[in-house]
Amino acid sequence: MIIGIPKELKPQENRVSMTPGGVAALTRAGHRVLVEQGAGLGSGLTDEEYLRAGAELVNAGQAWGAQMVIKVKEPMASEYQFLRQGLILFTYLHLAAAEELTRALLSSKCTSIAYETVTLPDGSLPLLMPMSEVAGRMATQVGAHCLEYSQGGRGVLLGGVPGVPGGSVVILGGGIVGTNAAKVAMGLGARVSILDVSHKRLQYLDDVFGGRLVTLTSNEPNIWDAVAQADLLIGAVLIPGAKAPKLVGREMLSRMKEGAVIVDVSVDQGGCVETTHPTTHKDPTYVVDGVVHYGVSNMPGAVPRTSTFALVNQTLPYALRLAARGLDALKADPGLMAGLNTHNGLLTVRAVGETLGIASLPPEDIF
């Protein structure tokens, strides 16, 4: 198969979808890999490294002309022209919060497979996990920075100092993002509370952290109380393939402290805070009702080298199977089939269809 690796166009997105090591694995398996010139520079990966791994250096149009295109983030509007029937697109999509992109994929009749909906038999999301780990750890890191007075925050040091208590971190969602955010926050010395709808997950977190954080059932009264105490509120809610529920309404901001910070990691799925909207690394924050909001939708792009290697570690085995077997790889693996989002003008994710008002079919019915 001919595989294209285009340069990412999302603002301040410096990750790349394949490392030279990944290219070498694909070329050893007999595939051609077309890498856009300069695609890896933001991650510290040179064109020469890709050439030595067996890649061919091409322009954007040539990379997109491949049979399968592997990306990191969803196509930008300027890339819709490259979408076409017969193309396999393998990348993050987050379609529930992207109606224009969804309709462009359907109109083109390309086959799109989303990292974030590929599953394992236990229901976990192996291709979302590495970036969730990065984003969770970064959420505390950037939140601590935003709390600095010069950044518009309360002037609170999350870890405190002897004689002065640390800041209060409230995390909505106890999944991969929330767990990693908690690890970093507790490591800094902050006081951490985590809310989740799953009692089983709360039991797990209580056991893992030895009771050093507060676990709360996620319901409206508890959220109201928790946000009032938060110096840093981290949104870490995920419903696979669907738009994030709005757990924090505008009216709740009135209960928050002046200069408190919200980092809504779920912003690429619409956000779990009513007042969050996507921002960029160049202009990451804004203030609503005295509360600093951070809404960067590609947080791991700020640490591209770490993120690129972590992502490719997980995506490469799937890329090899798709390159070897094409769409037959979906039929052989129900978890990879769950990653199918569009095919020949049909939508295959029920949650996206319900959100956007578009008819959908189960992915296994497509073939």
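Let's start with methionine 256, which touches Val227, Leu233, Ile262 and Val291, leaving aside residues up to four places away in sequence. Keep in mind that this is a predicted model. Where does methionine 256 sit in the chain? Look for the loop between strand S10 (232-235) and strand S11 (261-264). Is methionine 256 buried or exposed? Its relative accessible area is 8%, so methionine 256 counts as buried, because the cut-off for buried is under 20%.

Now hop over to threonine 342, which belongs to strand S14 (residues 340-343). Threonine 342 is buried too, with a relative accessibility of 0%. Which residues does threonine 342 touch? Setting aside residues up to four places away in sequence, you'll find Leu95, Leu105, Leu106, Cys110, Thr111, Ser112, Leu347 and Thr348 around it.

Two of those neighbours are worth a second look. The side chain of threonine 342 makes a polar contact of 2.6 Å with the side chain of serine 112. That threonine 342 side chain also reaches the backbone oxygen of cysteine 110, at 3.4 Å.

Cysteine 110 is itself buried, at 0% relative accessibility. That brings us to the cysteines: how many disulfides does the structure hold? The count is 0. Take cysteine 272, which is in no disulfide: the nearest cysteine sulfur belongs to cysteine 146 and is 16 Å away.

Methods: Residues numbered from 1 in each chain as written. Predicted model: local features only at pLDDT ≥ 70, side-chain atom pairs only at ≥ 80, totals over all residues. Heavy atoms only, no water. Helix = DSSP H or I, 4+ residues; strand = E, 2+ residues; numbered from the N terminus. Buried < 20%, exposed > 50% of the residue type's maximum accessible area, 1.4 Å probe, protein only. Contact = heavy atoms within 4.5 Å. Polar contact = N/O pair within 3.5 Å; in protein donor to acceptor, adjacent residues only side chain to side chain. Disulfide = S-S within 2.5 Å.
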